[in-house]
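Please examine the sequence and the model shown below.

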Amino acid sequence: MSDSKTQTTPTGSQAAKNQPDNNHRTERIRQRMVVWALRLIVGAVFVVSGLAKTIDIWGFIYKIEDYLTVWQFTVPRSLVLMGAMLLSGAELVGGFMLLTGCYRRFSVRLLSLIMAGM
């Protein structure tokens, strides 16, 4: 009796099952890159928007007062000023948070609320 060991080579379908799924890994990398790029673009848009409103705060206040006049709301200018400063600051900070990736869930929710209110 011989003690020769026979080795079996896997067939094509068995070999495919044993290899890691490179397509899945590539798809995850591609998805992460798309999410990263979109996060940067949307964050930059909010930073620029918040910065423009912060630089020209009185123009933003006049625009808010125009909207309120159309809806026939009378709001004191001090409240409009406070709201304009808070909104522009929230856009600026939320955009920076999204841009840098810190507090991602919170920044997305904050910016979504701002967009829903506009």
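Met 82 lies in helix H4; helices here are DSSP runs of H or I with at least four residues, and strands are runs of E with at least two, numbered from the N terminus. The model is predicted, so local features need pLDDT of at least 70 and side-chain atom pairs count only at pLDDT 80 or more, whereas totals for chains, interfaces and linings use all residues. Residues are numbered from 1 along each chain as its sequence is written, and side-chain values use heavy atoms, with hydrogens and water left out.

Met 82 counts as partly exposed because its relative accessibility is 47% (buried means under 20% relative accessible area, exposed over 50%, partly exposed in between, with a 1.4 Å probe and protein chains only). Together with Tyr 67, Val 70, Trp 71, Phe 73, Val 75, Leu 79 and Leu 86, Met 82 forms a nonpolar surface patch with about 900 Å² of accessible area. Such a patch joins nonpolar side chains (Val, Leu, Ile, Met, Phe, Trp, Tyr) within 5 Å, from residues with over 30% relative accessible area and no salt bridge. H3 and H4 each supply at least two of the patch residues, and H4 gives the most, with three.

The largest pocket holds about 360 Å³ of space. A pocket is an open set of points on a 1 Å grid where a 1.4 Å probe fits, with protein on both sides within 12 Å along at least five of seven lines; lining residues have an atom within 4 Å of a point. Of its 15 lining residues, Ile 64, Tyr 67, Leu 87, Gly 117 and Met 118 are the closest to the centre. Helix H3 (57–70) and helix H4 (77–100) are the elements that give two or more residues to this lining, and H4 gives the most, with six. The lining divides into 12 nonpolar residues, two polar and one charged.

Side chains of opposite charge can pair when their charged atoms come close. There are three salt bridges, each a side-chain nitrogen of Lys or Arg within 4 Å of a carboxyl oxygen of Asp or Glu. Glu 27 and Arg 30 meet at 3.3 Å, N to O; both lie in helix H2 (residues 22–55), three residues apart, about one turn of the helix. Lys 53 pairs with Glu 91, with the closest N and O atoms 2.8 Å apart. This pair links distant parts of the chain, from H2 to H4, 38 residues apart, and both Lys 53 and Glu 91 are buried. Arg 77 pairs with Glu 65 at 2.9 Å between the closest N and O atoms. Because Arg 77 lies in H4 and Glu 65 in H3, the pair ties together parts 12 residues apart in sequence.

Methods:
Grid points are joined across faces, edges and corners, and a volume is the space filled by probe spheres set on the points. Ala, Val, Leu, Ile, Met, Phe, Trp, Tyr, Cys and Pro count as nonpolar, Asp, Glu, Lys and Arg as charged, and the others, Gly among them, as polar. Patches are made of residues with over 30% relative accessible area and no salt bridge: like charges are joined within 9 Å, nonpolar side chains (Val, Leu, Ile, Met, Phe, Trp, Tyr) within 5 Å. Accessible areas come from the Shrake-Rupley method with a 1.4 Å probe; for residues, only the protein chains shown count as cover.
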